[in-house]
Amino acid sequence: KGPIGGSIMKTTRNTGCISGTAERIGRVRIFAFVTAMLLAAPVWAQTMLEDISFSTGSGGAVDIIMEFSSSVPEPQVFTTDNPARIAMDFDGVANAMTERSVAVGAGATRSVTAVEAGGRTRIVVDLFRSAGFDTRMEGNRLVLSVAGGGSSAVAEQARMIPDSIQA
């Protein structure tokens, strides 16, 4: 008891030391934050589809040029005949394009559309008619060359139709 009958209060000075429990909690929070940042890093480093452009060549051939932020992953490619399309799926690629579709209107190629869903980007080339194609990689670019499918292709298809059907 103090001199006036009250209790004696003991004061302590704050020395800036953290108690053991609080220090451990702080370390756990820092560890959790650093771990979360490291796990998120691959998402930040994800390959992005940045641009699609095209150039026309002789005989109605069209080169569709896809530019990526880093090396081009191998796409899964498939085609459909009705409607005539070439589709390419890029797993782990994000679509950073501001415009979703590029009108081409040359040779056999009508347009190119890029959409992103489910952790992949799909590029669909809409065609006026079925046409042959090939791809080549040039650094961070993938070039899809679509054959013109012009009159020589139509003549070739006509030669393959039996005479009894042609009229």
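**Salt bridges and the sheet around them**

Guide: Across the whole structure, which is a predicted model, a search finds 7 salt bridges. One of them joins the side chains of Arg85 and Asp126, with an N to O distance of 2.6 Å. Because Arg85 belongs to strand S4 (residues 84-91) and Asp126 to strand S8 (residues 120-127), this pair ties together parts that lie 41 residues apart in sequence. The two partners can also be described by their accessibility: Arg85 is partly exposed, at a relative accessible area of 35%, whereas Asp126, at 17%, counts as buried, the cut-off for that class being under 20%.

A further group of charged residues, made up of Asp63, Glu67, Arg136, Glu138 and Arg141, is linked in a network of salt bridges. Within this group, Glu138 meets the side chain of Arg136 at 3.0 Å, N to O, and Glu138 also meets the side chain of Arg141, here at 3.9 Å, N to O; the second value is still within the 4 Å that a salt bridge requires. Arg136 is partly exposed at 36% relative accessibility, Glu138 is partly exposed at 34%, and Arg141 is likewise partly exposed, at 32%.

An open sheet of mixed pairing is formed by 5 strands in the order S5-S1-S2-S10-S9, and its edge strands are S5 (93-95) and S9 (133-138), each of which pairs on one side only. From one strand to the next, the twist averages 30°. Strand S9 pairs with S10 in the antiparallel sense over 6 bridges, and in that pairing Thr135 stands opposite Leu144 of S10. The two strands form a hairpin with 2 residues between them, and Gly139 in the turn has a positive phi of about 65°.

On to the next pairing: strand S2 (residues 62-68) and strand S10 (residues 141-146) are also antiparallel, over 6 bridges. Here Val62 stands opposite Val146, while Ile65 has Val143 as its bridge partner. Of the 6 residues of S10, 5 are buried, so this strand is largely enclosed by the rest of the structure.

Definitions and conventions
Residues are numbered from 1 along each chain as its sequence is written. This is a predicted model: local features need pLDDT of at least 70, side-chain atom pairs count only at pLDDT 80 or more; totals for chains, interfaces and linings use all residues. Side-chain values use heavy atoms; hydrogens and water are left out. Two strands pair if DSSP finds at least two bridges between them. Helices (H or I, at least four residues) and strands (E, at least two) are DSSP runs, numbered from the N terminus. Axes are lines fitted to C-alpha atoms, for helices over the stretch in contact, and angles run from 0 to 180 degrees between N-to-C directions. Buried means under 20% relative accessible area, exposed over 50%, partly exposed in between (1.4 Å probe, protein chains only).
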